[in-house]
Amino acid sequence: MTFPRRLLLVNGPNLNLLGMREAAIYGHETLADVERLVTETAAARGVQVRAVQSNHEGVLIDSIHEARGDCAGIVINPGGLTHTSVSLRDALSGVSLPVAEVHISNVYEREPFRHHSYVADVAVVHVVGEGVAGYARATQLLLDVIAGAADG
Ligand code: CA2
């Protein structure tokens with residue numbers, strides 16, 4: 001494989017609270033658990049992970065820009081910015097890297113304002129409502145896409 005052997009994992013606003021509040025919706029696992037899961041999933045395929053969580057949109061956008069040339073793809077749970085941020089979507093489409101969008105909860109079974117994602121059509125992988133385990137599946141699927149593109 002000739003692609004950079006690194007993924008960027010991005011978690012958006014409030015996901016630092018995982019495991020501390022709203023366990024009925026998001027479960028008991030913490031952000032550290034998420035980052036460990038993705039790191040171990042990627043490591044099993046020889047890929048490193050750079051993990052970023054921020055409550056600030058601009059920090060997230062900067063981290064996405066910095067992935068260009070350094071990472072082969074992006075796993076992202078944009079949190080509430082999923083439903084509001086054209087700028088985050090533009091950053092993702094601007095770096096031209098394959099993107100996996102993950103949501104812990106099933107956003108389609110929640111309030112109507114969570115049904116629209118500005119990120120969905122710039123992502124090639126979508127995993128919704130599988131809890132924290134969904135990050136591992138998203139990582140596997142994204143690595144499949146990257147490996148397929150490298151082969152093709
Ligand atoms: O289901 C998901 O993963 C979400 O992306 C989580 C976002 C929400 O705005 C999206 O609609 C769906 C919220 C993340 C906030 O996470 C918290 C975790 C624990 C306690 C409070 C918030």
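1. Glutamate 22 lies in the loop that links strand E1 (6-11) to helix H1 (23-26). Helices (H or I, at least four residues) and strands (E, at least two) are DSSP runs, numbered from the N terminus. Although glutamate 22 is not a glycine, its phi is positive, at about 55°.

2. The model is a predicted one, in which local features need pLDDT of at least 70 and side-chain atom pairs count only at pLDDT 80 or more, while totals for chains, interfaces and linings use all residues. Residues are numbered from 1 along each chain as its sequence is written, and side-chain values use heavy atoms, with hydrogens and water left out.

3. Serine 96 is placed in the loop between H4 and strand E4 (99-103). Serine 96 is not a glycine, yet it has a positive phi of about 55°.

4. Helix H3 (residues 57-67) and helix H4 (residues 86-95) have axes that come within 9 Å and cross at roughly 5°. Axes are lines fitted to C-alpha atoms, for helices over the stretch in contact, with angles from 0 to 180 degrees between N-to-C directions. H3 is therefore roughly parallel to H4 (angles under 35 degrees count as such).

5. The contact (heavy atoms within 4.5 Å) involves Glu57, Leu60, Ile61, Ile64 and His65 of H3, and Ser87, Leu88, Ala91, Leu92 and Val95 of H4. These residues divide into 7 nonpolar, 2 polar and 1 charged. Ala, Val, Leu, Ile, Met, Phe, Trp, Tyr, Cys and Pro count as nonpolar, Asp, Glu, Lys and Arg as charged, and the others, Gly among them, as polar.

6. The ligand is surrounded by 17 residues, of which Asn77, His83, Ile104, Ser105 and Arg114 are the closest; a residue counts if one of its heavy atoms lies within 4 Å.

7. An oxygen atom of the ligand lies 2.8 Å from an N or O atom in the side chain of asparagine 77. For histidine 103, the distance from a ligand oxygen to a side-chain N or O atom is 2.9 Å. A polar backbone atom of glycine 80 is 3.3 Å from an oxygen atom of the ligand. On its own the ligand has 510 Å² of accessible area (Shrake-Rupley method, 1.4 Å probe), and the protein covers 94% of that area.

Note on methods:
Parallel < 35°, antiparallel > 145°, perpendicular 65-115°, else oblique. Polar contact = N/O pair within 3.5 Å; in protein donor to acceptor, adjacent residues only side chain to side chain.
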